[in-house]
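Please open the model in your viewer and keep the selection tool at hand.

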Amino acid sequence: MKKTIIPGAEPFFLPAGKTGCVLVHGFTGTPKEMRLMGNYLQQHDVTALGVRLAGHGTDMRDMPRMRWQDWLACVEDGVNLLCGYCDHVFIAGLSMGGILSLLAASICPLQGAIAMSTPYQINTDWRIKIARPLSVFVPFVDKGKSDTKDENPAKDHIDYPAYPTRSIVELTDLLRVTHANLINFQIPVLMINSKSDGSVPENHQQLYAERFQGKVLERVMLEKSGHVITEDVEREIVFQSTLDFIHKNTPAGK
């Protein structure tokens with residue numbers, strides 16, 4: 001019998017200090033796209049836990065059976081596990097992982113949230129409105145070419161080759177719920193985006209900023225990276241900005 005999880009797509013736990021960070025991958029992605037960030041945090045005494053979202057990293061046909069609540073439950077599991085090991089826990093997510101991180105941070109006891117390449121809304125393609133019935137006839141949608149500039153991580157990247165149409169419905173529902181929960185947000189937020197992201201326009205960061213008025217919000221805008229900024233040419237800026245944010249928001253002496 002073959003393994004269920006694609007080799008290299010497994011979740012990971014990288015123990016270090018008593019401050020930790022839950023790392024959440026993106027839509028159709030795997031924990032591997034967060035692994036370099038996890039290694040960096042561990043090297044700087046921050047414990048890292050990379051979760052695998054339900055239906056990801058196995059078989060593309062598994063994903064349409066999952067609902068956004070299943071993905072959120074995976075994130076909550078990660079938060080609860082890391083809270084049992086660390087005194088202070090942060091959360092960082094890429095793309096849909098950023099949406100899940102913001103939603104989890106509105107309901108879980110966390111010190112801060114880092115949202116990377118996080119969409120505020122899905123593009124205006126007319127098919128989005130009929131994605132639910134359309135999924136019966138068109139179960140998968142082509143992704144197109146990756147916009148990652150660094151060829152070395154790009155060639156080893158693990159994800160599904162197409163978007164499950166039914167799962168796009170769940171992504172839009174997840175965004176709606178997250179927007180409604182932003183009013184409950186109390187903790188600091190760091191948002192990192194790139195001007196060269198082919199999936200999430202840079203103005204999405206500003207759209208979130210307008211919703212976070214009156215709350216502690218830091219913003220970083222990259223110049224060259226594609227959508228998966230944790231694996232691209234400016235990843236060191238992403239990692240250092242995240243580490244600085246974690247240090248700044250960890251209670252003194254901890």
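Begin by selecting His56 together with its surroundings: leaving aside neighbours within four places in sequence, His56 is in contact (heavy atoms within 4.5 Å) with His25, Gly26, Phe27, Thr28, Gly29, Met63, Trp71, Met96 and Tyr160. This is a predicted model, in which local features need pLDDT of at least 70 and side-chain atom pairs count only at pLDDT 80 or more, while totals for chains, interfaces and linings use all residues. Residues are numbered from 1 along each chain as its sequence is written, and side-chain values use heavy atoms, with hydrogens and water left out.

His56 sits in the loop between strand S3 (46-51) and helix H2 (68-83), where helices (H or I, at least four residues) and strands (E, at least two) are DSSP runs numbered from the N terminus. Because its relative accessibility is 0%, His56 counts as buried (under 20% relative accessible area, with exposed over 50% and partly exposed in between, using a 1.4 Å probe and protein chains only).

Next, select His227, in the loop between strand S9 (217-222) and helix H8 (235-248). His227 also counts as buried, because its relative accessibility is 13%. Not counting residues up to four places away in sequence, His227 touches Leu94, Ser95, Ser117, Asp147, Asp197, Ser199 and Val200.

Finally, display H2 with helix H6 (residues 165-181): Trp68, Gln69 and Trp71 in H2 meet Ser167, Glu170, Leu171, Asp173, Leu174 and Val177 in H6. The axes of H2 and H6 come within 9 Å and cross at roughly 65° (lines fitted to C-alpha atoms, for helices over the stretch in contact, with angles running from 0 to 180 degrees between N-to-C directions).
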